[in-house]
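What follows is a short report on one protein chain.

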Amino acid sequence: MSQKKNPKRKSRKTSRKPEPKAGDRTWNVLFCGIGGQGVLRAAEVCGIAALKEGFHVRKSEVHGMSQRGGSVESHVRFGRHVYSPLIPKGQVDFLVAFDETEGRRYVSFLKKGGKDFTEFIDPVKKQLKDLRVANTFFLGMLSRFLPLSREAWMSAVETGFSRAVAENKQAFVKGAEYDLE
């Protein structure tokens, strides 16, 4: 006599977790530099752009002596579900440094295959006439790698800057078109 399997009975086999879809992953961006370089503003604009695309966003910042040129860092994490604002060491997808020394300090946070923007600091500074928009230029560069629309970024730039909005939008576009090779 053969036994019939009960369709309501669950198998004892352990099932593998399905691979996350592109939209299910968490994106980790670490901004760093020194006080006055716009680290916190860049992180804010990135977070706003992610919010406008419907992502869950967490952000954390450390700005001890930032007014005196001290170290400043800001973690931005976004995805479908994000619980902690801090990016664990070795999990940074994108390290966006506005100062070479600070970039070297945080390079250990990059994950294998992560993108480090530190090498572009000097070329970007040489290209820009006004260094006050360097942070927005780097956001444009970063935008090429994140699942955020140009419209979300532009709206975030408008929200994040009360002055010089047109100049920052122009810097963003130049950064988005910058040759990263």
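From the N terminus on, the elements run β-α-β-β-β-α-β-α-α-α-α. That gives the protein chain 6 helices and 5 strands. Helices (H or I, at least four residues) and strands (E, at least two) are DSSP runs, numbered from the N terminus.

The model is predicted: local features need pLDDT of at least 70, side-chain atom pairs count only at pLDDT 80 or more, and totals for chains, interfaces and linings use all residues. Residues are numbered from 1 along each chain as its sequence is written, and side-chain values use heavy atoms, with hydrogens and water left out.

Of the 181 residues in the protein chain, 43% are buried. Buried means under 20% relative accessible area, exposed over 50%, and partly exposed in between (1.4 Å probe, protein chains only). Among contacts with a separation of 6 or more, 64% link residues 24 or more positions apart. Contact means heavy atoms within 4.5 Å.

**Strand pairing**

Two strands pair if DSSP finds at least two bridges between them.

| Strand pair | Sense | Bridges |
|---|---|---|
| β1 and β3 | antiparallel | 8 bridges |
| β1 and β4 | parallel | 4 bridges |
| β4 (residues 92-97) and β5 (residues 110-116) | parallel | 3 bridges |

The chain crosses from β4 through helix α2 (residues 100-106) to β5, and this β-α-β crossover is right-handed. The term means that, with the strands pointing away from the viewer, the path from the first strand over the helix to the second runs clockwise. Val92 has Leu110 of β5 as its bridge partner.

Strand β1 is mostly covered, with 7 of its 8 residues buried. Cys32 stands opposite Glu73 in β3. In β4, its bridge partner is Ala97.

Both Cys32 and Ala97 are also touched by Gly103, as are Leu95 and Thr118, not counting residues up to four places away in sequence. Gly103 sits in helix α2. It counts as buried because its relative accessibility is 1%.

**The core**

The largest nonpolar core has 51 residues, and Phe31, Leu142, Leu146 and Trp153 touch the most other members. Such a core is a set of buried Ala, Val, Leu, Ile, Met, Phe, Trp, Tyr and Cys residues joined through side-chain atoms within 4.5 Å. Elements that each supply at least two residues include β1 (27-34), β3 (71-79), α4 (134-143) and α5 (150-160). Helix α1 gives the most, with 8 residues. In soluble globular proteins, nonpolar side chains tend to be buried together.

What does Trp153 contact, leaving aside its neighbours within four places in sequence? Its partners are Val45, Cys46, Ala49, Leu139, Leu142, Ser143, Leu146, Leu148 and Phe172.

Helix α4 is mostly covered: 10 of its 10 residues are buried. They pack against β1, α1, β4, α3, α5 and α6.

Helix α6 has 13 residues and reaches 19 Å from its first C-alpha to its last, close to the 18 Å expected at 1.5 Å a residue. The expected span is 1.5 Å times one less than the number of residues. Its buried residues are Asn168, Ala171, Phe172, Gly175 and Ala176. They lie on the same side of α6, because they cover an arc of only 135 degrees around the axis. That arc is taken from the directions from the helix axis to the C-beta atoms. Ala166, Gln170 and Glu177 are exposed on the other side of α6. The buried residues of α6 pack against α4 and α5.
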